[in-house]
Amino acid sequence: MAELAVGKPSGEYKKGVQSGISIAIGYAPIALTFGLLAKTTGLSIGETALMSLLVFAGAAQYISLSLLSLGTGLFEIVLTTFIVNIRHFLMSTSLNEKWDDEQAANKVILSFGITDETFSVAAVREEKVTSGYMLGLISVSYASWVICSGLGHLIGASLPQTLQESMSVALYAMFVGLLVPSMKKSAKVVFLAILAACFNTIFTLTNTLSTGWAIVLSTLLSAVIVEWIESVKNRHRGQGHE
């Protein structure tokens with residue numbers, strides 16, 4: 001990774017690190033919580049650290065823990081996390097427009113570190129984004145996430161067994177905490193969440209699908225239906241203005 005910064009001003013890397021410090025601080029409590037929940041889910045410290053090293057995606061990792069606790073199969077977990085992270089294609093495409101680097105290899109390697117937070121910081125930067133800047137921005141954020149994940153697991157291991165088992169409830173509380181702010185801002189999100197919950201309930205109660213596939217199909221169906229309704233509404237609005 002150090003080769004990515006060769007030929008780039010060292011100041012760009014330092015600027016990236018400085019911009020990433022706030023992200024690193026913000027990641028710390030979330031990663032600590034992830035490590036703690038990973039311990040209560042049954043993952044070893046090695047598995048917890050490896051997931052953060054290879055995945056580096058907060059929401060996807062939390063969802064993976066939830067699916068693992070339900071005994072979901074590997075393929076369903078991979079497919080679900082892919083759907084959750086599909087927005088990264090759009091973020092990478094957008095950031096590529098202001099990325100001042102002709103070396104495709106640099107972009108391919110550093111794109112691994114593009115998260116909602118690193119994208120937001122890089123996207124609002126007034127100057128062009130360089131590989132040196134992105135390396136600094138991502139490295140400090142990535143280090144914080146991985147290290148704090150491991151620390152969270154160690155903290156979880158020191159808790160009494162009864163408290164560790166009760167922490168599984170915190171996983172669902174985390175999802176509620178992530179969902180509610182979005183629901184307050186958009187009626188579309190509220191409808192999407194309710195529709196997905198209804199589909200999942202039907203699939204689960206009727207034993208039509210396994211837990212993993214019920215979540216995947218409920219997510220896809222609700223997203224397609226909500227977007228179809230939105231497109232129909234926009235079409236009618238357009239016809240009304242004619």
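1. D116 is partly exposed, at 30% relative accessibility (buried is under 20% relative accessible area, exposed is over 50%, and partly exposed lies in between, with a 1.4 Å probe and protein chains only). Its side chain forms a salt bridge with that of R87, with an N to O distance of 3.0 Å (a salt bridge is a side-chain nitrogen of Lys or Arg within 4 Å of a carboxyl oxygen of Asp or Glu). D116 belongs to helix α7 and R87 to helix α5 (residues 87-96), so the contact ties together parts that are 29 residues apart in sequence. R87 is also partly exposed, with a relative accessible area of 29%.

2. The model is predicted: local features need pLDDT of at least 70 and side-chain atom pairs count only at pLDDT 80 or more, while totals for chains, interfaces and linings use all residues. Residues are numbered from 1 along each chain as its sequence is written, and side-chain values use heavy atoms, leaving out hydrogens and water.

3. Along the sequence the pattern reads α-α-α-α-α-α-α-α-α-α-α-α. The chain has 242 residues, and 35% of them are buried.

4. Helix α7 can be described next to two other helices. Helix α1 (residues 10-41) and helix α7 (residues 116-123) have axes that come within 10 Å and cross at roughly 155 degrees (axes are lines fitted to C-alpha atoms, for helices over the stretch in contact, with angles from 0 to 180 degrees between N-to-C directions). This makes α1 roughly antiparallel to α7 (roughly antiparallel is over 145 degrees). For α7 and helix α8 (residues 131-157), the axes come within 11 Å and the crossing angle is roughly 150 degrees. The helices α7 and α8 are therefore roughly antiparallel to each other as well.

5. How many salt bridges does the whole structure hold? A search finds 4, and the D116 and R87 pair is one of them. Another joins E12 and K15, whose closest N and O atoms are 3.8 Å apart. Both residues sit in helix α1, and because they are 3 residues apart, about one helical turn separates them. E12 counts as buried, at 12% relative accessibility, whereas K15 is partly exposed, at 40%.

6. The side chains of R125 and E127 also meet in a salt bridge, at 3.6 Å from N to O. R125 is buried, with 11% relative accessibility, and E127 is partly exposed, with 44%. Salt bridges with shared partners join E12, K15, R125 and E127 into one network.

7. Which residue has a positive phi although it is not a glycine? The residue is F56, with a phi of about 50 degrees. Most residues other than glycine have a negative phi. F56 lies in the loop between α2 and α3 (58-69), and it is buried, with a relative accessible area of 4%.

8. G42 is in the loop between α1 and α2 (45-54). Is G42 buried or exposed? With a relative accessible area of 58%, G42 is exposed.

9. A nonpolar surface patch of about 410 Å² is formed by F75, L209, W213, L217 and L221 (patches take residues with over 30% relative accessible area and no salt bridge, joining nonpolar side chains within 5 Å and like charges within 9 Å). Helix α12 (residues 211-241) provides the largest share of the patch, 3 residues. L209 comes from the loop between α11 (187-205) and α12, and it is partly exposed, with a relative accessible area of 31%.

10. T204 is part of helix α11. T204 counts as partly exposed, at 41% relative accessibility. The C-alpha atoms of T204 and A214 are 6.8 Å apart, with the two residues separated by 10 residues along the chain.

Key:
Areas by Shrake-Rupley, 256 points an atom, 1.4 Å probe, with all protein chains shown as cover. Helix = DSSP H or I, 4+ residues; strand = E, 2+ residues; numbered from the N terminus. Parallel < 35°, antiparallel > 145°, perpendicular 65-115°, else oblique.
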